[in-house]
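Hi everyone, thanks for coming. Let me walk you through a structure that may be new to you, and please keep the picture open while I talk.

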Amino acid sequence: MGKKFKLKINILILATILIGFLGVCVMSYISYSKIIRDDIKNISKLTSTNIYSDISNELTKPIFVSLTMANDSFLKNWLEDETDTNLELHEQKLLEYLNGIKEKYNYNSVFLVSDSTLNYYHFNGVNKVISADNEHDQWYYDFLDSNKLYDLEIDTDEANGNKLSVFINCRIEDEEGNLLGVTGVGLEMNQVQQLLKTFSNDFDLEAMLFNSDGNVLINSNTEATNSFNIFDIQVLKENKQNILADTSALGVYKYSEGQSSGYLITRYIDDLDWYLLIKKDTSILVDTFKEQLLSEFVIISIVILCVLLIVSKLIIQNDSNLKQLAKVDTLTNMYNRRGFNESIENILKVDNSYTPFYVFVLDIDCFKNINDSYGHLFGDKIIKLVGQISYDRIPSNGMIARWGGDEFTGYLYGTEEEVIKIVERIFESVREDKLLSQYKVTISLGLTCSQIVDTVDTVLLRADRALYEAKELGRDRYVII
């Protein structure tokens, strides 16, 4: 009792000192936390503004290129003369033009659709004829119906191995405003996503683009599009109207997810008609601040924590060892009767998915004669050997434990035929062991199938009765009840 009381006092003193130091740290943290939070918020807003500017510049470049193509007199003249000149030579000039754009800007797709012939020209040649009956061509008619000068669309690129791409579609009109066709460029989705990944890696954040419906179009963390809706996030759902209505300023919202917390920052990108969402986890910055705040106490804190950890570890280890010793047989290192009972009780306490299993009791035949003839140390050696042989033949979903003396018990899963094969392997291994065969050591085994109404006692009683019958029939055998 004296040692336990002393231990409790030491723990109490150490805990009091630690709590005192932590209290001072908490008070200091509270004093400076507002300043730190404001600084972190401003840093996050500044980072988001930089990313917005970079993304806007990078993704609006193909828009400007597409608009330039749509206003290029060469394309307008080419479309007006599409069917009135030498077709082969005429197409060759167009392909050279489209390929020149592709080589100059390294876009994955550069295309032109003629409204008069509905030919879809790719920099590699005439790809197809647009048809209202083709579901994949519906983009063309939807774009014309929108009456927009240009728009962005995510779709598969048939001319580029059906790779998911972001297309910029632009109208081409003559001097009177009549539609001549549609032109534009396409970027593979992974190329656009790589741009977001670069920002994410540089600034340690998650960046994504979403439309006015909230559907995520491009995410720096995944290649999947429309994988989720940003308005499923509670804080963004509550501020949905503000996010969509304010197209000129940053929207800053604080979030908390488990141990992670930070800011969600939204910004409308006018040229893309998309929205940028930045998710910045600032919990690391807060943790860094806490570490700096506690630096003056670090040496004492470490010493106190080490002492507490050592004491705690000793108590836990001692408790664990006692529990383990209570369930493990010291001779065989198998579970003992208590460990087996706990295991089988857990199996019997199951729901409607109950699966029958077989329980066995194994006994070394005439073991008393071995002890009397060769001594208890040799007898222990035989018990350990029989246990090890049996353990090695038990599948991983089964179990064997030392029940007491020279008796073992366990359970096996499988059909009766499968279980019998395991049992026969155990008998065969015992019979073939040199030491056991030299001293004519044999075993007997009783086996029974569990029932859903069984308790530990009832199922073991049947297995024990089966063992008794095996003994009565001459030993060195097994009996199933």
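Before I point at anything, a word on names: helices (H or I, at least four residues) and strands (E, at least two) are DSSP runs, numbered from the N terminus. What we have here is a predicted model, where local features need pLDDT of at least 70, side-chain atom pairs count only at pLDDT 80 or more, and totals for chains, interfaces and linings use all residues. Residues are numbered from 1 along each chain as its sequence is written, and side-chain values use heavy atoms, with hydrogens and water left out.

Let's start with the spaces. On a 1 Å grid over the protein atoms alone, a cavity is a set of points where a 1.4 Å probe fits but cannot get out, while a pocket is an open set with protein on both sides within 12 Å along at least five of seven lines; lining residues have an atom within 4 Å of a point. Grid points are joined across faces, edges and corners, and a volume is the space filled by probe spheres set on the points.

The largest pocket holds about 280 Å³. Its lining has 13 residues, and K148, L152, L272, D273 and W274 lie nearest the centre. Which strand gives the most to that lining? That is β4, residues 150-157, with 5 residues. For classes, Ala, Val, Leu, Ile, Met, Phe, Trp, Tyr, Cys and Pro count as nonpolar, Asp, Glu, Lys and Arg as charged, and the others, Gly among them, as polar. The pocket lining then divides into 6 nonpolar, 2 polar and 5 charged residues.

Now the cavities: there are 3 of 30 Å³ or more. Of its 15 lining residues, Y120, H136, W139, T156 and F167 lie nearest the centre. Strand β4 turns up again, giving the most to this lining with 4 residues. By class, the lining of the largest cavity has 5 nonpolar, 4 polar and 6 charged residues.

The second largest cavity has a volume of about 60 Å³. Among the residues that line it are L59, P62, L152, L272 and W274. How many charged residues does this lining have? There are none, and no polar ones either: the lining has 10 nonpolar residues.

Let's move on to a sheet. Two strands pair if DSSP finds at least two bridges between them. Here 5 strands form an open sheet with mixed pairing, in the order β13-β14-β12-β15-β16. At the edges sit β13 (399-404) and β16 (478-480), each pairing on one side only. Strands β13 and β14 (residues 407-412) run antiparallel and are joined by 5 bridges; R402 has F408 in β14 as its bridge partner.

Contact means heavy atoms within 4.5 Å. Axes are lines fitted to C-alpha atoms, for helices over the stretch in contact, and angles run from 0 to 180 degrees between N-to-C directions.

Finally, a helix pair. The axes of α12 (residues 376-393) and α13 (residues 416-432) come within 9 Å and cross at roughly 145 degrees. From α12, I389, S390 and R393 meet I422, R425, I426, S429 and V430 of α13. By class, that contact has 4 nonpolar, 2 polar and 2 charged residues.
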